[in-house]
Amino acid sequence: MKILIYGTGGVGGYFGGRLAQAGHDVTFIARNAHLKAIKENGLRVNSINGDFVIQPAKATDDISEIERPDLVILGLKSWQIKDAAKKLKSIITEETMILPLQNGADNMEKLQEVISKKNVLAGLCKIYSKKEEPGLINHFYLEPEIIFGEMDNEKSDRALKLNEIFNDAGIKAMVPDDIYKAIWKKFAFIATVSGLGGLTRVGIGKMWQDDYLQEILKKTGLEIQAIAQAKGVDFNEEDVAQLFQFISGQEMTTTASTQRDIMEGRPSELENFNGYIVEQGKKLGIETPVNEFIYRALLPMEKEARRS
Ligand SMILES: NC(=O)C1=CN([C@@H]2O[C@H](COP(=O)(O)OP(=O)(O)OC[C@H]3O[C@@H](n4cnc5c(N)ncnc54)[C@H](OP(=O)(O)O)[C@@H]3O)[C@@H](O)[C@H]2O)C=CC1
Ligand SMILES: CC(C)(CO)C(=O)C(=O)O
């Protein structure tokens, strides 16, 4: 299978690396020092499941060099995927599958604004990984998993075949009955902890241990649930209970990637997380005061990060 990894960071680098290791024809889009290192020394992946190197690795920063991929995995940040879609338009075919693995609830909708609905899959991933240095991806925690499907939840031949390809490459994967529920379950976690984590600058477990902050986390999550339900997503009481249970089980020092981006002054996915909830709240006539406070308190720093 001809696979394009658009964005070779923690997510794209790990899953693309595994697919290349399994013998697929994988091209990595990377840039600057990272691209140079991959071209010179291959893509190195350190993983709790075993380190490996893809050498030589096909890598470029010029998308026009790539022809007719069967599958594109988007490893970019969620605010970058619309631009990426515009660039992809000229190299994909009617059969190309585009799989967004970003956190966020509306990635597939953003893609469809630019690319035909037929090309777009919906998805998410679970992994703790990051670009450690140019040419090196570090997967440091959790059994990596891809959950994906068609936007109408059909268990199509192409989705089931892709699931098999992932599994054969040693990637845990599944096509759930309801991809929207799966996406919102992950999104509710990440959007609940990331913004407040960016404000408090402590790990998830530490926030939960503090009664006041625990209450704020719960209110954030409940507002997210109200938006999901208003959008027709089956994110129910049991899911919320599971969400709080999951947050309560996090280590004192665990942080999510967006929280780390905020804390380290990098552009973050704030707009796609708490910002999205606030925006949807206004559209749907639902109050989201806690998400709005978190969003607005972090926005000046976000703007600063994007200026530098
Ligand atoms: N990391 C994790 O553990 C997890 C992350 N996620 C989600 O996955 C998504 C990706 O996150 P993550 O992998 O951490 O992000 P990273 O920043 O590690 O990776 C994104 C990569 O894309 C590259 N990139 C961006 N634009 C371009 C471009 N135009 N040309 C070439 N390369 C480009 C970046 O390069 P550069 O560095 O030069 O900007 C970077 O290497 C996010 O939505 C995140 O929330 C989901 C689950 C876990
Ligand atoms: C919390 C985690 C690691 C789960 O996959 C994640 O999605 C992130 O850090 O962005």
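**Figure 1. The residues around ligand 2, by type.** The shell around ligand 2 holds 4 nonpolar residues, 3 polar residues and 1 charged residue. This is a predicted model. The residues surrounding ligand 2 are Asn103, Lys126, Ile127, Tyr128, Ile190, Ala256, Ser257 and Thr258. Two elements, S8 and H10, each give two or more residues to this shell. S8 gives the most, with 3 residues.

Figure 2. Which domains supply the shell around ligand 2? Domain 1 (2-177) and domain 2 (180-307) each provide at least three of its residues.

**Figure 3. The shell around ligand 1.** Ligand 1 is surrounded by 29 residues. The closest are Gly7, Gly9, Gly10, Gln102 and Asn103. Asn103 also belongs to the residues around ligand 2. By type, the shell around ligand 1 splits into 15 polar, 8 nonpolar and 6 charged residues.

**Figure 4. Helices and a strand around ligand 1.** Which elements each supply at least two residues of the shell around ligand 1? They are helix H1 (10-21), helix H2 (32-41), strand S8 (122-133) and helix H10 (257-263). S8 contributes the largest share, 6 residues. S8 also gives the most to the shell around ligand 2.

**Figure 5. Ligand 1 between two domains.** Why does ligand 1 lie between domain 1 (2-177) and domain 2 (180-307)? Both domains give residues to the shell around ligand 1, so ligand 1 lies between them.

Figure 6. An unreviewed UniProt entry annotates residues 178-299 as "domain: Ketopantoate reductase C-terminal". Over residues 178-299 the chain is 73% helix and 0% strand. The end C-alpha atoms of this stretch are 33 Å apart.

**Figure 7. The protein chain as the setting for the close-ups.** The protein chain has 12 helices and 10 strands. Its C-alpha atoms fill a box of roughly 50 × 40 × 35 Å along the principal axes. For 308 residues, a compact globule would have a radius of gyration near 19 Å; the protein chain has 19 Å, so the two agree. Buried residues account for 45% of the 308 residues. Consider contacts between residues at least 6 apart in sequence: 70% of them join residues at least 24 apart.

Terms used
Residues numbered from 1 in each chain as written. Chains lettered and ligands numbered in written order. Predicted model: local features only at pLDDT ≥ 70, side-chain atom pairs only at ≥ 80, totals over all residues. Near = placed C-beta within 6 Å. Helix = DSSP H or I, 4+ residues; strand = E, 2+ residues; numbered from the N terminus. Nonpolar A, V, L, I, M, F, W, Y, C, P; charged D, E, K, R; others polar. Domains from an automatic or database assignment. UniProt positions renumbered as here; feature names shortened; annotations may be inferred. Rg over C-alpha atoms; globule rule 2.2 N^0.38 Å. Buried ≥ 20, exposed ≤ 12 C-beta atoms within 10 Å, placed from the backbone. Contact = placed C-beta atoms within 7 Å.
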